[in-house]
Amino acid sequence: MNRAMTTPLSLEHVWLPYTQMQHCPAPLHVVGAEGVQLQLADGRTLIDGVSSWWTACHGYGHPHIRNTVAKQLDILPHVMFAGLGHDAAYTLAARLASITPAGLNRVFFSDSGSTSVEVAMKMAVQYWRNQGEPARNRFISFQHGYHGDTMGAMSLADPEDWVHKAFNHYGPAQICSPIPRSEKDWADFKALLEQHAYESAAVIIEPLVQGAGGFRLHSPETLATLRSLTNEAGLLFIADEVATGFGRTGSMFACDEACITPDIMCLGKALTGGTMTLAATLATDEIFDAFLSDNISDAFMHGPTYMANPLACAAANASLDLFEQEPRLEQVAAISAQLSKELEPCRNLTNVVDVRVKGAIGVVELESCDWQTLQTLRAAFVEHGCWIRPFDRVVYLAPPFVITPDELSQLTRAIQHVLSSS
Ligand SMILES: *Cc1c(COP(=O)(O)O)cnc(C)c1O
């Protein structure tokens, strides 16, 4: 069948994410994707500047992932993970334990970034309950943080964040702190830890880069200090690396750059190289051991139906092969340098308040951007052959690591053109 002839069907029965359906422009109809290119039904192609929500780190259709998943499909597409096991999951767990910060030896698989955070929260709460401290069931999280859209994960987000405002009256109330920047902030944070330690299970952070809350950066030193203060206060430290994991910030994991091991780490997004939904929550032996006893009620009570799906685990194993066989971190370093150079001129545009780059993430922050302008910007990028999807006040790039310098320049040029004419 001629792909270009496929006509988009009606949206009549579909409910789209984060979308006011009353004024919703029809989504672009995608019929295929290869490398960094999205192929549309009308024959156009777009360079994907955001890796499908930061997942497609090897680009689309990488033959190694495709072949590995195809083989797994023949062997075993799925089997339940309670009482039954399989190579794909055991191999992946061992590999994740070996490449993540030393000490994270146990891997709990689940389906999405949000559930990996739910699992981390449940682990932390039950860890304290198993130690005889059931009152420790709140979390300290950070302003502009984002940890997913499910109820527990949402409770950790900044309560001022528009994405979750509709639910502030529902769900557990957590403790939200700014990420400390000044002396006073640090003193406040220490006081907050002291005040709430008795009722708190853990501190949770997106290390180095807060993603969906506006791509705000903090230094490895800040991260390391937060980790050690949390430790001194006797709380657990959870690193939500769902967005930062697998090279995005320049090191394999953001925690590596600060030389820290969190007690619990969440992984998702790029785990399968952007091909299938899978997430993992990793824990240290100390956490794991707190669930060992002669009593079933001390066991960790969680188990998604599609836990450790073999196809997804095979895709993740293939993705890790590519990190070993292809120069991904070097590619990230090159992308980083190019983004810094080519986005810098945007700083001089009116309405631009900041330009920042971290690893393979480039951000141009606008002073203001209303909903209408967002739609206009998104459409203008498509006119330039680019899939760039600004949100809130940020125009950002998080391209596949396999993007060529020419393709990356097309993206940065589009940003310059569109922002200077808007
Ligand atoms: C995207 C994201 C999540 C949620 O992942 P989903 O797969 O969308 O559920 C959680 N935490 C962070 C830091 C994220 O960026």
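**Entry 1**

I began with the open sheet of three strands, whose order is 13-14-16 and whose pairing is antiparallel. I took strands as DSSP runs of E with at least two residues and helices as runs of H or I with at least four, numbered from the N terminus. I counted two strands as paired if DSSP finds at least two bridges between them. The model is predicted, so I required pLDDT of at least 70 for local features and 80 or more for side-chain atom pairs, while totals for chains, interfaces and linings use all residues. Residues are numbered from 1 along each chain as its sequence is written, and side-chain values use heavy atoms, with hydrogens and water left out.

Strand 13 (352–358) and strand 16 (394–397) are the edges of this sheet; each has a single partner strand, so one side of each lacks a neighbour in the sheet. Neighbouring strands are turned against each other by 10 degrees on average, direction ignored. I then looked up the pairing of strand 14 (residues 361–366) with strand 16, which is antiparallel over four bridges. E365 stands opposite V394 in strand 16.

I next traced an open sheet of seven strands in the order 4-12-11-10-7-5-6, with mixed pairing. Its edges are strand 4 (104–110) and strand 6 (175–177), each with a single partner strand, so one side of each is left without a neighbour in the sheet. From one strand to the next, the twist averages 20 degrees. Strand 5 (residues 138–142) pairs with strand 7 (residues 200–205) in the parallel sense over three bridges. I noted S200 in strand 7 as the bridge partner of R138.

**Entry 1. Helices across that sheet**

I listed what helix 4 (residues 113–130) lies across: strand 4, strand 5, strand 7, strand 10 (236–240), strand 11 (264–267) and strand 12 (279–284). Helix 4 runs at about 25 degrees to strand 12. Helix 6 (residues 183–196) lies across strand 5, strand 6 and strand 7, and runs at about 170 degrees to strand 5. For these entries, contact means heavy atoms within 4.5 Å. Axes are lines fitted to C-alpha atoms, for helices over the stretch in contact, and angles run from 0 to 180 degrees between N-to-C directions.

**Entry 2. Helix 6 with helix 7**

I found that the axes of helix 6 and helix 7 (residues 220–232) come within 11 Å and cross at roughly 30 degrees. Helix 6 and helix 7 are therefore roughly parallel to each other (under 35 degrees is roughly parallel, over 145 roughly antiparallel, 65 to 115 roughly perpendicular, and the rest oblique). Helix 6 passes helix 7 in a right-handed crossing (the near helix is turned clockwise from the far one by less than a right angle; anticlockwise is left-handed). W186, F189, K190 and L193 of helix 6 make the contact with T222, T225, L226, L229 and T230 of helix 7. I sorted the residues of this contact into five nonpolar, three polar and one charged (Ala, Val, Leu, Ile, Met, Phe, Trp, Tyr, Cys and Pro are nonpolar, Asp, Glu, Lys and Arg charged, and the others, Gly among them, polar).

I looked up helix 3 (residues 87–99) against helix 10 (residues 310–325): their axes come within 9 Å and cross at roughly 40 degrees. By class, I recorded 10 nonpolar, two polar and three charged residues for the contact of helix 3 with helix 10.

The axes of helix 2 (residues 63–75) and helix 10 come within 8 Å and cross at roughly 150 degrees. That makes helix 2 roughly antiparallel to helix 10, and the crossing of the two is right-handed.

**Entry 3. Aromatic pairs**

I searched the whole structure and found 13 aromatic pairs. Rings of Phe, Tyr and Trp (its six-membered ring) pair if their centres lie within 6.5 Å; planes under 30 degrees apart are stacked, over 60 edge-to-face, and the rest tilted. The rings of Y18 and W53 have centres 6.1 Å apart and planes at 85 degrees, so this pair is edge-to-face.
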